[in-house]
Amino acid sequence: AVGLTETGVEEFKEKVNEALKECYKEGNELLVLVDLFGGTPFNVSMLDIKSKYKNVEIIAGANLPLVIEASLSRSSNLSDVIETLKESAKGAVMSPEKADSSEDDE
């Protein structure tokens, strides 16, 4: 995990490159999860990772359920993981006041 702090974009890029040295293996697939589409982590990932490395995919909109789902799907191929994450993300947003409480009554 690499976080963007008040130290700025250049230090963030350095941290990303250090993490890549540990995580990326030639011939393997790599999934990068970022919070916001168009935010600094997304832009750095697209420019400094996806454009330079093979078999790398970026997913924007990461949240804790998505991170957990991705971690549990590590043994699958990357395209299957991405489809699973996109489907599970659709069901992750809900309004509690609309949730069916009948299950709690049992």
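**Figure 1. Right-handed crossing of helices α3 and α4 in the predicted model.** The crossing of α3 with α4 is right-handed. Helix α3 comprises residues 64–72 and helix α4 comprises residues 78–92. Their axes come within 10 Å and cross at roughly 150°. Because angles over 145 degrees count as roughly antiparallel, α3 is described as roughly antiparallel to α4.

**Figure 2. Residues that join α3 to α4.** From α3, the view shows Leu66, Glu69 and Ala70. These residues meet Thr84, Leu85, Ser88 and Ala89 of α4. Sorted by class, the contact of α3 with α4 holds four nonpolar, two polar and one charged residues.

**Figure 3. Packing of helices α1 and α2.** Helix α1 spans residues 9–23, and helix α2 spans residues 40–50. The axes of α1 and α2 lie 11 Å apart, and the two helices pack at an angle of about 55°. This angle makes α1 oblique to α2. The crossing of α1 and α2 is right-handed.

**Figure 4. Residues in the contact of α1 with α2.** On the α1 side, the contact is formed by Val9, Phe12, Lys13, Val16 and Leu20. Their partners in α2 are Thr40, Pro41, Val44, Asp48 and Ile49. By class, the contact of α1 with α2 consists of seven nonpolar, one polar and two charged residues.

**Figure 5. The largest pocket of the predicted model.** The volume of the largest pocket is about 1100 Å³. Elements that contribute two or more residues to the lining of this pocket are the helices α1, α2, α3 and α4, together with β1 (residues 30–34).

**Figure 6. Lining of the largest pocket around its centre.** In total, 31 residues line the largest pocket. Of these, Cys23, Leu30, Leu31, Val32 and Leu33 lie nearest the centre of the pocket. The lining of the largest pocket divides by class into 21 nonpolar, six polar and four charged residues.

Methods: Residues are numbered from 1 along each chain as its sequence is written. This is a predicted model: local features need pLDDT of at least 70, side-chain atom pairs count only at pLDDT 80 or more; totals for chains, interfaces and linings use all residues. Side-chain values use heavy atoms; hydrogens and water are left out. Axes are lines fitted to C-alpha atoms, for helices over the stretch in contact, and angles run from 0 to 180 degrees between N-to-C directions. Helices (H or I, at least four residues) and strands (E, at least two) are DSSP runs, numbered from the N terminus. Angles under 35 degrees count as roughly parallel, over 145 as roughly antiparallel, 65 to 115 as roughly perpendicular and the rest as oblique. A crossing is left-handed if the near helix is turned anticlockwise from the far one by less than a right angle, and right-handed if clockwise. Contact means heavy atoms within 4.5 Å. Ala, Val, Leu, Ile, Met, Phe, Trp, Tyr, Cys and Pro count as nonpolar, Asp, Glu, Lys and Arg as charged, and the others, Gly among them, as polar. On a 1 Å grid over the protein atoms alone, a cavity is a set of points where a 1.4 Å probe fits but cannot get out, and a pocket is an open set with protein on both sides within 12 Å along at least five of seven lines; lining residues have an atom within 4 Å of a point. Grid points are joined across faces, edges and corners, and a volume is the space filled by probe spheres set on the points.
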